[in-house]
Amino acid sequence: MSEERTEISEIGEFGLIDHLNEKIIIKNASTIKGIGDDAAVIEAGDHVKVVTTDLLLEGVHFDMSYAPLPHIGFKAVAVNVSDVAAMNAVPKQITVSIALSNRFSVEAVEALYAGINAAAEHYGVDVIGGDTTASRSGLVISVTAIGEAKKESLSFRSGAKVNDIICVTGDLGGALVGLQILEREKQVYLANPDMKPELEKYSYVTGRQLRPEARMDIVHELRELGIVPSSMMDVSDGLASELFHICKASKIGVTIYEDKLPIDKQTFDTAVELNLDPITCVLNGGEDYELLFTIDQKDFEKLEKHADIHFIGHVTKEEEGKFLVTKSGTAVQLKAQGWKHF
Ligand code: ADP
Ligand code: MG
């Protein structure tokens with residue numbers, strides 16, 4: 001070991017993953033795609049399997065003072081299903097590993113599993129295994145999801161082509177705004193436990209944070225319409241950050257339009273109330289778990305009337321850069337802040 005010490009914050013989460021990936025050599029022909037997409041892809045006879053894993057830690061990814069255990073369980077499954085959806089694949093199995101401190105009772109674990117089982121039912125996946133161990137630092141949940149697809153219907157981050165249309169489902173920024181509300185009400189409660197938090201009027205945004213939905217409905221609809229997105233990701237770190245990933249993997253540029261970005265009214269109003277810029281919430285808020293994808297122009301007509309798919313811009317040449325055209329018509333450079341874990 002050398003004396004050198006580099007802080008992880010210097011290279012960031014993605015820099016760290018890229019750095020580790022440099023030393024990883026794929027040995028098996030059955031490994032179609034390793035590190036670098038929403039899920040890995042493995043050859044499986046006449047179809048392929050996709051595999052993805054996510055780790056959720058108490059105090060980092062959820063706060064048990066406001067996140068109910070069934071919601072934590074549901075979310076742990078949904079975020080993995082979302083990564084399977086992002087490959088345009090269908091989830092089939094999950095494994096669930098948990099680390100518990102002695103603060104947890106059997107009833108608490110049952111409550112967590114009520115949410116896990118509800119999500120497994122909802123997304124049609126089987127819980128096929130996992131691991132259970134003790135924790136000294138709160139609850140840890142790791143879920144691995146396995147999905148299936150036809151090889152030719154997979155959507156990678158790397159397939160976007162110049163002139164493709166950039167699409168996003170649902171609305172964005174809600175989960176971030178919901179988190180800010182939950183944090184604010186927690187502080188109010190801590191300062192004065194007699195104060196009852198007023199969360200009713202924020203139910204949409206807090207729901208976006210506490211119990212996100214993976215967009216498997218969109219994957220099925222695209223299949224029925226015979227559309228394979230040229231590239232796809234789920235929005236877990238923030239729209240701008242995800243667009244940067246697609247740009248890097250596909251070697252393209254993007255132009256998106258502020259007035260096309262989908263935001264819910266409650267998200268907008270709550271952002272304003274919190275003194276946050278709603279567009280910044282849409283661009284950089286994480287955890288919405290919507291799908292961001294690109295389609296060939298010939299597929300536009302089939303999706304044009306879809307109520308929950310928004311066309312936010314188009315793909316340009318790499319050297320044209322990444323731009324956001326504001327409502328006033330000015331093109332500004334897109335910045336990817338995203339969620340910073342380090
Ligand atoms: P997502 O946000 O879609 O879950 P991540 O940003 O977590 O994706 O991960 C990006 C890629 O890096 C994925 O292919 C993931 O499997 C891989 N990855 C993340 N952490 C590690 C790690 N510690 N070792 C190996 N691969 C990793
Ligand atoms: Mg993802």
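1. A quick definition to start: a polar contact is a pair of N or O atoms within 3.5 Å; within protein, one must be able to donate a hydrogen and the other to accept it, and residues adjacent in sequence count only if both atoms are side-chain atoms. Keep in mind that this is a predicted model, where local features need pLDDT of at least 70, side-chain atom pairs count only at pLDDT 80 or more, and totals for chains, interfaces and linings use all residues. Residues are numbered from 1 along each chain as its sequence is written, chains are lettered from A and ligands numbered from 1 in the order in which they are written, and side-chain values use heavy atoms, with hydrogens and water left out.

2. Start with ligand 1. Among the residues around ligand 1 are Phe14, Ile17, Asp37, Asp38 and Arg157, where being near takes a heavy atom within 4 Å. The shell is made up of three nonpolar, two polar and five charged residues; here Asp, Glu, Lys and Arg count as charged, Ala, Val, Leu, Ile, Met, Phe, Trp, Tyr, Cys and Pro as nonpolar, and the others, Gly among them, as polar.

3. Now the oxygen atoms of ligand 1. One lies 3.1 Å from a backbone N or O atom of aspartate 37. The side chain of aspartate 38 has an N or O atom 3.0 Å from an oxygen atom of the ligand, and for the side chain of arginine 157 the distance is 3.5 Å. On its own, ligand 1 has 560 Å² of accessible area, and the protein covers 63% of that (Shrake-Rupley method, 1.4 Å probe).

4. On to the aromatic rings: there are two aromatic pairs, meaning Phe, Tyr or Trp (six-membered ring) centres within 6.5 Å, with planes under 30 degrees apart called stacked, over 60 edge-to-face and the rest tilted. Phenylalanine 74 and tyrosine 123 are a tilted pair, because their planes stand at 50°, with centres 6.0 Å apart. Both are buried (under 20% relative accessible area; exposed is over 50%, partly exposed in between, with a 1.4 Å probe and protein chains only).

5. The other pair is phenylalanine 300 with phenylalanine 311, edge-to-face at 4.8 Å centre to centre and 75° between the planes. Phenylalanine 300 is partly exposed at 27%, whereas phenylalanine 311, at 19%, counts as buried.

6. Last, look at phenylalanine 74 again: the charged end of arginine 211 sits over its ring, 3.7 Å from the centre (NZ of Lys or CZ of Arg within 6 Å of the ring centre and within 35 degrees of the ring normal). Lysine 322 does likewise over phenylalanine 244, at 4.7 Å.
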